[in-house]
Structure formats: C-alpha cells, structure tokens
Amino acid sequence: MADIIIGRQQIFDQELNIYAYELLFRGNDFDLNHKDGATQATNQVITDTILELGLNTIVGPHKAFINFTTQNILDKTPLRLPKDRIVVEVLENVEIDMTIVANLTELSNLGYIIALDDFVFSDAWTPLVEFADIIKLDILEMGESKTRELITRLKSYKVKLLAEKVETYSEYQYLLELGCDYFQGFFFNKPNLVSGKRISVNQTAAIQLLNTVNNPDVEFEDLTKIISLDVGLSYKLLHYINSAFFALPNKVSSISHAISYLGLIEIKRWINILTLASLSEKPEAVMQNALIRGRMCEELAYLSGNKSDKFFLIGILSNLDSLLDIPLDEALSQLPLADDIVSAILHKEGLGGEALNCVISYERWDISSISFSNVDQSIIGDAYIKSINWAKDIMGTIK
C-alpha cells in the first residue's frame, strides 16, 4: 500500500470558529502534478486513510473539504463518503463538460455540499455557480481590486464565499466587511498588533505562574503552594489527573499527592497549558494549534532519540504572539527562558528549532521542508495525527 501523508488546514466562520478543515495529502508513490496520480491519491486517502483513521480523528465534529479531480467526479467517488461530513471541492483544473455538470448536479441533489476552488468566471464554469454552495476565492492571486469586483458579481447568486490565502488580520477584516462567510489562510497565526498594548492584570498573574513553573530550580513545594492557594487550579488539576490519560492506583488525597504522582515534567506541562489558555480570549483553535505544535515537537524529539523535555515548551510558546497579540520576541522576554529555547522559537536554531520548523512546515503544507533528523516523512504524518488527538483530549480537561 502506498504511503499517504495527510495534513489539514483550518477554515473559519465569521466569528473565527472552526467551520471545517481542508484535507491535504501527498502520496509518496503518486505524482500529484499528473492527473492520474492526483486521482489515485484522492482515492487512496479516502479508502486507506480517511476510512481507516476515521473523519472524527482527523477533523473532529467539523466538515472535511476534499479535493476531487475530473476522474473522481466522473467516477462519482464522493458517494463513498457521508454527505453530512464532507464538502466536495471541485479543483480549478477540472475539465468541465456536460457529464461533469450532470454528476455534480446529482451530488448536489443528493445533499452533498459543492465548493468551487480558485473560482474565476468563465462560460464553462457558469452552470456550476447555479447550484454550488461555496465558492473559494484566491485573494492572494487576485489582489484586493479583483477580489472586490468578483465578490460584487457573485452577490446575485445563492452561494457562500470562502476567502482563501488570507495572510493578515486586516485582510480578514475587509473581506468580512465585503460579506465573505468563511476564511482560510495563515492569518490566524499572525497577531492583530495594537500600538502600546499592555498585558492585563489577569495576564500578568498568568505570566508570573509561568515564570515560576519554568524556573530550572522550581521544586514540588513551590508548585504545591501555588496550586493549593487557588481553588480553580486545584479543581482543574484533579480534573486533569482524573482524565483517561492516567490510571490511578489509589485515590488522590492531597494536591501534594497529585503533583508527586504526575511528576515534575508532567505537572510542568499541565501548568504551561493551563496558564497559556488563561492568557487569551482568542478562539479555541488558537490554543489547540499551540498544543498540537508542542506535542508534535515532543514526538519528533522522541522519534529521533533525543530528550524531549524542552521540545514541548518550544512548540506551545511559538504561538504566544497569537495568544497575546504582541510580537513574539516581546512575549518571550517576559519569561525566564533559557537562551536555546528562545533561539529555537525566534530563529529556528538548534535541534528544537529544526523540530519547530518541521511542524510549522507541516501546518502550511510546505512538503519540501517537512523533515527532521532521520524520521521518515510518513512517520511525521502519523505524529501529526496523534498530536491532533492528544490536543483535542487536553482541551476537554482545561475548560
């Protein structure tokens, strides 16, 4: 069976909640630049990856946008998948003819959501606009002027608009004003900077807690005191230790008992997660992305035979600018971090920096840069799926 590497990219609604994920894949035995290779890869991802792993594993309760080629549509491949879970994304290079239009019309009548990728008006594609549900606009390719013009033209059709390759928060804002319904791109990882912004009191307290737990000389007694004095922290710790991650041999009798049971590395991880979550009122997806980065960096260290204690922290703190809406170097300067951790995050230096660069490349589906040490690319893909599942479970314990 051919190796499939699968990724995903978030698609947000107008409130920046996750609406769906676009599934991205690369088959080592397929040439995706060739139409037959792309068709085989889509079939492979459906039969061996999506159905084997399960859509819930990859996208949770959200929908999955899946790219379909001309041959996929002729073969009616989408019928293999549940119509309430997927979006049929018609690639811009699909060869439109009467059969393609008829097959897509049939899928639409059966209740499948149809999305047109990188849409540009033409005589061939106009019939599809009549029944399409979502039209994707490549705003990077078109630029603002052509984007505005196309959106105005599409207003007369009953379609929702998805702006893709949104790079900045300001782009998201003007597209929102124009009436776009969904958004896709890297803008979520870029902060909306506000000149002179100060960290609030609650955020200051959270930073102080992060300072304490990441002090190299911190001891169990210090952590016990901090957690015991806060009812909320005490409750959340017990909730965390009671999760499916840990099989408790005996009931926990004290905060000190809970901390000693978890161990210093695990309790540090928990406090890092919890305090970072309290720093921001950003949508849950921002925190989830930080957790995926942390866990995947840790997995890469483990898979390559390296100590993984610093890698988790490097991963989660690499998203600190998005959580705080301040530059990353400024955010990191408030923490007593070792120089190698800072340089790994800011400059991608050292082994930790290489791991972080690999994870970010995977997020952005930059296939040529997805590499780390001697770890096979398909194993990196498996680590990504495991990290998604872990982050999803963790989010349930910190609410």
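Me: Where is the kink in helix 6 centred, and how many degrees does the kink come to?

Reply: In this predicted model, helix 6 has a kink of about 80 degrees, and the kink is centred on S145.

Me: Which residues of helix 6 are buried, and what do they pack against?

Reply: The buried residues in helix 6 are I139, M142, T147, L150, I151 and L154. They pack against helix 5 (126-129), strand 6 (134-138), strand 7 (160-164) and helix 7 (169-177).

Me: What is found at the start of helix 6?

Reply: There, a side-chain oxygen of D138 comes to within 3.2 Å of the backbone nitrogen of L140. A polar contact needs N or O atoms within 3.5 Å, and the D138 to L140 pair is within 3.2 Å.

Me: Why is I11 called buried?

Reply: Buried means under 20% relative accessible area. I11 has 0%, so I11 is buried. The residue sits in strand 1 (residues 4-12).

Me: How do you know that I11 is in contact with residues beyond its neighbours in sequence?

Reply: Contact means heavy atoms within 4.5 Å. Leaving aside neighbours within four places, the contacts of I11 include N17, Y19, F65, L162, Y182 and F183. L162 is 151 residues from I11 in sequence, yet their C-alpha atoms are 8.5 Å apart in space.

Me: Which core has I11 among its residues, and what lies apart from it?

Reply: The largest nonpolar core has 122 residues, and those with the most contacts inside it are L104, L116, L317 and L320. Helix 13 (residues 284-303) gives the largest share of this core, nine residues. Apart from that core lies another, of ten residues, among them I11, Y19, I134 and Y182.

Me: Why does D117 count as buried although it lies in a loop?

Reply: The loop in question runs between strand 5 (113-116) and helix 5. The cut-off for buried is under 20%; D117 has 8% relative accessibility, so it counts as buried. Not counting residues up to four places away in sequence, D117 touches E89, V90, L91, E92, K136 and E164.

Me: Why is S343 called buried?

Reply: S343 has 16% relative accessibility, and with the cut-off at under 20% it therefore counts as buried. S343 is part of helix 17 (residues 339-347). Leaving aside neighbours within four places in sequence, S343 is in contact with K348 and E349.

Me: Why is T39 called buried, and what is it in contact with?

Reply: T39, in helix 1 (residues 35-53), has a relative accessible area of 8%, so it falls on the buried side of the 20% cut-off. Its contacts, leaving aside neighbours within four places in sequence, are T69, Q71 and N72.

Me: What makes the phi of K76 and of K165 worth noting?

Reply: Most residues other than glycine have a negative phi. K76 is not a glycine, yet its phi is positive, about 55 degrees. K165 is not a glycine either, and its phi is positive at about 60 degrees.

Me: Why are K76 and K165 called partly exposed?

Reply: Partly exposed covers the range between buried, under 20%, and exposed, over 50%. K76 has 31% relative accessibility, so it counts as partly exposed. K165 has 36%, so it also counts as partly exposed. K76 is in the loop between helix 3 (70-74) and strand 4 (86-90), and K165 is in the loop between strand 7 and helix 7.

Terms used
Residues are numbered from 1 along each chain as its sequence is written. This is a predicted model: local features need pLDDT of at least 70, side-chain atom pairs count only at pLDDT 80 or more; totals for chains, interfaces and linings use all residues. Side-chain values use heavy atoms; hydrogens and water are left out. The bend at a residue is the angle between axes fitted to the seven residues ending there and the seven starting there. Helices (H or I, at least four residues) and strands (E, at least two) are DSSP runs, numbered from the N terminus. Buried means under 20% relative accessible area, exposed over 50%, partly exposed in between (1.4 Å probe, protein chains only). A polar contact is a pair of N or O atoms within 3.5 Å; within protein, one must be able to donate a hydrogen and the other to accept it, and residues adjacent in sequence count only if both atoms are side-chain atoms. A nonpolar core is a set of buried Ala, Val, Leu, Ile, Met, Phe, Trp, Tyr and Cys residues joined through side-chain atoms within 4.5 Å.
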